[in-house]
Amino acid sequence: MLMAQDNTDLKAPDGSGVGALSLAILLLSITFVAAIYLAVKTSALISQVKKKNQLSGEKTLHQIVNSLSEENINTYLKHGQMKKNTENKSGGIGSSLPAWFLVTLLSLAGNAAFAQTAPNGSSLLNDGGIIITLILITTPILVGIILMIIKVRNISKRVKANKENAESERISNYLKSLPEEEVTEALLKRKEVLDYSIAQNALSGNFEPEDKRGILKNINEHANIRFIEEKRKALSRPNVDPELSKLVVWFLICATVWLVFGTTVGEYEGIKFVAPDADHISWLSFGRLRPVHTNAVFWGWSSLAMLGLAYYVVPRVGNNKLWSLKLGWWTLWLINAAVFFGSWSLMAGINNGGGEYREYIWPIMLLFAIGIVLTLINFLKTIATRKTKEIYVSNWYIVAAVMFVITISLVAYLPFWQNGLGETIAQGYYMHQGVGMWFMMLTLGLVYYYLPQQLNRPIYSYGLGILAFWSQIFFYTVIGMHHFVFSPIPWSLQTVAIIGSVGMVIPVVSGTTNFLMTFKGGWHKLASSYSLPFFLIGTIFYFTGSMQGTAEAFRSTNLYWHFTDFTVAHSHLTMYGIVAFFLWGGIYAIIPRITRQEPPQLTVGIHFWMAFIGLMFYTIPLMIGGTLRGIAWINHKPFIDTVSMMAPYWLWRAIGGTLMWTSHLFFAYNMYKMIRPKKIVDINSEAISKITSPDEIVKVH
């Protein structure tokens, strides 16, 4: 039946089987967690009971007095003697504890037996009956577990309170058994100690601070007023080839230009959702601007930024020089030409006929492909001449990504299988492999270098990196068809795509664990770094966005979310929340090392928070609105009604998009400051230079 495709197979599943499985998993999970909790609490209870029956030896007066606070001492001295604690709540619970547990278990068992009133005669093959039965079984068990946890917590609190009361009463009785004069004298001595305060200059003295060893540097507290927290400066890398540095910087400059251009187009599109009649110019129509936006940010911003950072990483991890700088420059110019002529042709109405993300006509895309082939040759030659024995995991990801983008470009543009369903299958393969095996694959390779570099610690597990690498290749290459669930495409291909989507849990969990565990021991560095927050947010979205993609792949969820704005939100969570944030982290990590110029910390913070908050304002309303729209379609609501319903969600989309676009302007400003900074006057240096200037020396003579 897997290969068959008849009307029965195409019937939309009602999702009841998934509901039954979810309830079973929920029951097992809660029971398991509750069992662990009860085991821990029971062990603690037994330990507390034993300690209660075996109180520590009698403390001396000196030990008791030293443990008292100043408030306790003042209270005692004021009243003359400690008030007798008349409430003695200590009780023999240790002997009755096993009996209590037995009674509780029997009572819960009785309640559970009483509550199990599932109807007889229900067919086990009926999904609804299975769900009802599971609910009837689950309800008393969950109630019993909750009651058990509440009672165990109450016993634990009671035992702890009894122990504390018994100890306080023992101390009180001991103090009352001593002579009043002895206790008062000891308390007065202790009060004198507590009241002592050190003089302000007791440790430093009255002398001026002096640094005979030259340890303290750049002491300038009065000259520069700090409005924001000082961030850690980047370490310069004197061994970086100046020509390679120039190539990397130009890649990133061009990427920034395309980011501002592409998102400006996207911002205008977002405004058109709220004001569709903003213009009546064919070149600015939504249908033409949409591919201009996506292709500019894909091939202009993301691709150039990834390649620029990769041109730094590939020779660096091999401890050698780039094989050919000339090929690098050819790649830069060819890709820029492709994006420029592609954007112009799309606005003029010249396109590839509707293939998403492959709207550029083939002669223009050929320029991009030639540049990528030159890069592959350059990287392979560089790795082949490396001075290290091993090939670091970053180069595995980077070279594999370049190979895959060549492969998917050939699949997308060669005409041999571009007929009927074959074109749709090729589109699904190209579209999803472009995201997962080009953008995601290469970006992850960059993270494996830049994240450890910024934390100054090795990657947590090389093995997890290799596991994530091969499992991503194995699973991601088959999941393109989950965009065409319930389509005429063979049911078997759809099923394979869904299974591959579930398999993506392996590389995503492996990679996320690797990155977060690399942070272990270095979380404190987040506060003093302006690049690490970008890596952290990228890692979080890598997990949440990828798992959201897995959830969307199921047939039951496709019914609600496919063809709605939910997919738009998902694409931005991945391409923006993961790829863009990781790229920004890499750029802020490497440009100051190359140029030895820091970006303004205030504007870096503005860039980060506006991009993050804007992404949330953009995606969350679209996910909510998309879900409601899918439900409305299933309930056969008129299409135009759902368009009107989406108006407020599209407004939030425009607001979030505006924040994101504005953050890109701040990023462009930061790039400018890192590359061509304004001269900063150091007051101390200026003062010394004036004293030691030749004119000043002549005046002295």
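Predicted model: local features only at pLDDT ≥ 70, side-chain atom pairs only at ≥ 80, totals over all residues.
Residues are numbered from 1 along each chain as its sequence is written, and side-chain values use heavy atoms, with hydrogens and water left out.

The protein comprises 23 helices and zero strands, where helices (H or I, at least four residues) and strands (E, at least two) are DSSP runs numbered from the N terminus. Of its 701 residues, 43% are buried; buried denotes under 20% relative accessible area, exposed over 50%, and partly exposed the range in between, with a 1.4 Å probe and protein chains only. The accessible surface amounts to about 37,500 Å², and carbon and sulfur atoms contribute 66% of it; areas were computed by the Shrake-Rupley method with a 1.4 Å probe, and for residues only the protein chains shown count as cover. Among contacts (heavy atoms within 4.5 Å) with a separation of 6 or more, 85% link residues 24 or more positions apart.

Two packed helices are described by the angle between their axes and the distance between the axes. Axes are lines fitted to C-alpha atoms, for helices over the stretch in contact, and angles run from 0 to 180 degrees between N-to-C directions. Helix α10 (residues 362–384) and helix α11 (residues 393–413) have axes that come within 10 Å and cross at roughly 155 degrees. The pair is therefore roughly antiparallel, a class assigned to angles over 145 degrees, with under 35 counted as roughly parallel, 65 to 115 as roughly perpendicular and the rest as oblique. The crossing of α10 and α11 is left-handed, that is, the near helix is turned anticlockwise from the far one by less than a right angle, clockwise being right-handed. On the α10 side the contact includes W362, F368 and L376, and on the α11 side it includes N395, V402 and Y413. By class, this contact of α10 with α11 holds 16 nonpolar residues, one polar and no charged; Ala, Val, Leu, Ile, Met, Phe, Trp, Tyr, Cys and Pro count as nonpolar, Asp, Glu, Lys and Arg as charged, and the others, Gly among them, as polar.

Helix α11 also packs with α13, at an angle of about 10 degrees and with the axes 10 Å apart. Helices α11 and α13 are accordingly roughly parallel, and their crossing is left-handed. Residues V393, W396, Y397, A400 and F404 of α11 meet Y462, G465, I466, A468, F469, W470 and I473 of α13. The contact of α11 with α13 divides into 11 nonpolar residues, one polar and no charged.

Within α11, L410 is partly exposed at a relative accessible area of 47%. The C-alpha atoms of L410 and L366 lie 9.9 Å apart, across 44 residues in sequence.

Further residues of note occur in loops. F486, in the loop between α13 (462–476) and α14 (491–503), has a positive phi of about 70 degrees although it is not a glycine, and its relative accessible area of 25% makes F486 partly exposed. F563, in the loop between α17 (555–561) and α18 (565–595), likewise has a positive phi of about 70 degrees without being a glycine; at 66% relative accessibility, F563 is exposed. S531 lies in the loop between α15 (505–519) and α16 (532–553) and is buried, with a relative accessible area of 1%. Leaving aside residues up to four places away in sequence, S531 touches Q454, G585, Y588 and A589.
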